[in-house]
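Morning, everyone. Please look at the screen, and we will walk through this together.

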Amino acid sequence: MARSYARPGQTSDPPGSEFNRAKTNAEFGYRRDVRFGSWWDQLVVRLVFSSACVAAGYHFHPFGLSRAVAAIVGLLFSISVFLFEIRLQRASLRRLIGAAVGSILGIVGAYLMGLVLDRTTIPEDSRSFLDIGVLLVMTYIGLVLGARKGDMLNLQALGGLFGNEKGNRRQPKLLDTSVIIDGRVADICEAYFLEGVLVVPQFVLRELQLVADSADGMKRQRGRRGLEVLQRMQKMPHLEVEVSEDDFPQIAEVDLKLIELAKRYDAKIVTNDYNLNKVATLQGLDVLNVNQLANALKPVVLPGEAMRVFILREGKEYNQGVAYLDDGTMVVIDGGRRAINKTVDIIVTSVHQTTAGKMIFGRYDDREPSRNHVTQPVEAAGRSAEAPSTAERLPRSVVPDPSQS
């Protein structure tokens with residue numbers, strides 16, 4: 001999905017694509033979850049298991065194999081178990097439960113079919129082959145289908161064991177490209193409003209790298225800024241920034257991939273994109289919108305309050321002026337066109353909340369010149385102070401009046 005992240009007026013440093021790829025691969029490699037103990041504990045347990053497999057193969061040497069070949073087979077078997085374990089650790093609890101239940105049901109179905117085959121007149125060798133084949137097929141189908149349908153399980157319905165699972169654990173949060181480039185999410189994390197596991201999908205990181213490798217200098221600067229924001233967040237001790245390798249090749253748009261990944265891991269989406277926010281909310285996902293947070297933190301202004309603003313330009317309607325607060329809130333002043341480029345006091349008449357933010361409408365009263373005034377320049381003020389007190393006298397005429405002669 002093509003997005004434009006350019007902002008006028010920004011300068012760019014020309015980092016090359018090799019720099020960005022090296023930075024991406026070195027700093028944001030996949031960080032695996034902490035499983036049990038330290039790295040040395042895992043190594044010791046795996047060495048003990050592989051040694052036991054090698055010893056069992058060397059001692060029993062099954063299938064008529066020599067002891068050396070059987071020991072090598074035992075080592076290869078232990079390595080395959082380790083690879084299978086690493087793959088299982090990435091799966092969710094729902095998928096593991098679904099796969100276990102599906103495989104058990106497949107084994108039970110294969111056993112019942114084996115009882116039916118025992119009552120037939122099929123030869124013993126053929127019946128044994130069919131029993132093994134049915135057992136493998138049913139177990140495989142049950143395992144695969146159970147894992148795929150495991151996301152539909154409602155673990156909270158099981159009561160005490162899984163009833164508080166969602167409330168006690170910290171939900172992971174998926175970061176969108178827009179919120180990474182924006183950069184304010186790092187400040188929010190520093191203020192401890194976001195903590196726990198922050199997941200950066202690989203397809204989001206790839207899109208960020210494409211922005212950093214763009215031929216446009218402004219886009220390249222914004223992509224580099226996004227990488228620096230991720231590096232800054234990765235150094236925060238209360239955060240766990242991980243890169244997810246999950247992808248959905250059949251889906252082209254990044255927003256839809258984010259939604260599917262959030263469904264898979266029951267995660268929240270952190271974004272600035274208004275459309276993504278609405279689509280994810282309609283599908284029942286939790287969304288953390290940084291723009292909504294910024295609007296919620298703006299100061300509350302009530303109708304009838306007085307405030308001082310600097311009218312910057314004229315408005316769309318007749319006799320309107322437009323001013324801006326320090327946080328970027330637009331203030332529309334009725335009757336403020338004549339006071340453009342002046343700092344005036346206004347009365348707030350109404351406040352409206354829009355999708356783009358908050359708008360304040362006020363009224364400029366030009367009948368109170370004592371309140372709505374403009375500070376004179378320093379030189380003009382100095383000249384007026386140096387004027388003599390007799391300035392109120394009528395000036396004498398330079399040209400003689402012929403009537404007085």
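**A walk through the model**

Asp-182 is buried, with a relative accessible area of 17%. The cut-off for buried is under 20%, so Asp-182 makes it. Where does Asp-182 sit? Asp-182 belongs to helix 7, which covers residues 177-182. And what does Asp-182 touch, leaving aside neighbours within four places in sequence? Asp-182 is in contact with Arg-225 and Asn-272. Keep in mind that this is a predicted model.

Next, salt bridges. How many are there? The count comes to 12 salt bridges. I will show you a few of them.

Look at Asp-187 and Arg-232. They form a salt bridge, and their closest N and O atoms are 2.7 Å apart. This pair links distant parts of the chain. Asp-187 is in helix 8, residues 184-190. Arg-232 is in helix 10, residues 217-234. That puts the two partners 45 residues apart.

Glu-190 has a relative accessible area of 44%, so Glu-190 counts as partly exposed.

Now move to the strands. Arg-308 forms a salt bridge with Asp-345, with the closest N and O atoms 2.8 Å apart. Arg-308 lies in strand 6, residues 306-314, and Asp-345 lies in strand 9, residues 343-354, so the pair ties together parts that are 37 residues apart in sequence. The two ends are set differently. Arg-308 counts as exposed, at 53% relative accessibility. Asp-345 is buried, at 13%. There is also a network: salt bridges with shared partners join Asp-118, Glu-124 and Arg-127.

On to the nonpolar residues. How many residues does the largest nonpolar core have? It has 42 residues. Those with the most contacts inside this core are Leu-175, Ile-180, Val-185, Cys-189, Val-200 and Met-233. Take Cys-189 from that list. Leaving aside neighbours within four places in sequence, Cys-189 is in contact with Leu-194, Leu-198, Met-233, Met-236, His-238 and Leu-239. A second, separate core has 13 residues, including Ala-323, Ile-346, Val-348 and Ile-360.

What about cysteines? Cys-189 is buried, with a relative accessible area of 0%. Cys-53 also counts as buried, at 12% relative accessibility. How many disulfides does the structure hold? The number is 0. As a reminder, a disulfide is a covalent bond between the sulfur atoms of two cysteines.

Last stop, the surface. Which residues make the nonpolar surface patch of about 480 Å²? They are Ile-72, Leu-75, Leu-76, Ile-79 and Leu-83. Leu-83 is placed in helix 3, residues 67-89. At 56% relative accessibility, Leu-83 counts as exposed. The cut-off for exposed is over 50%, which is why Leu-83 gets that label.

To close, go back to where we began. Asp-182 is buried, whereas Leu-83 is exposed. Find both on the screen.

How values were computed. Residues are numbered from 1 along each chain as its sequence is written. This is a predicted model: local features need pLDDT of at least 70, side-chain atom pairs count only at pLDDT 80 or more; totals for chains, interfaces and linings use all residues. Side-chain values use heavy atoms; hydrogens and water are left out. A disulfide is a pair of cysteine sulfur atoms within 2.5 Å. Buried means under 20% relative accessible area, exposed over 50%, partly exposed in between (1.4 Å probe, protein chains only). A salt bridge is a side-chain nitrogen of Lys or Arg within 4 Å of a carboxyl oxygen of Asp or Glu. Helices (H or I, at least four residues) and strands (E, at least two) are DSSP runs, numbered from the N terminus. A nonpolar core is a set of buried Ala, Val, Leu, Ile, Met, Phe, Trp, Tyr and Cys residues joined through side-chain atoms within 4.5 Å. Contact means heavy atoms within 4.5 Å. Patches are made of residues with over 30% relative accessible area and no salt bridge: like charges are joined within 9 Å, nonpolar side chains (Val, Leu, Ile, Met, Phe, Trp, Tyr) within 5 Å. Accessible areas come from the Shrake-Rupley method with a 1.4 Å probe; for residues, only the protein chains shown count as cover.
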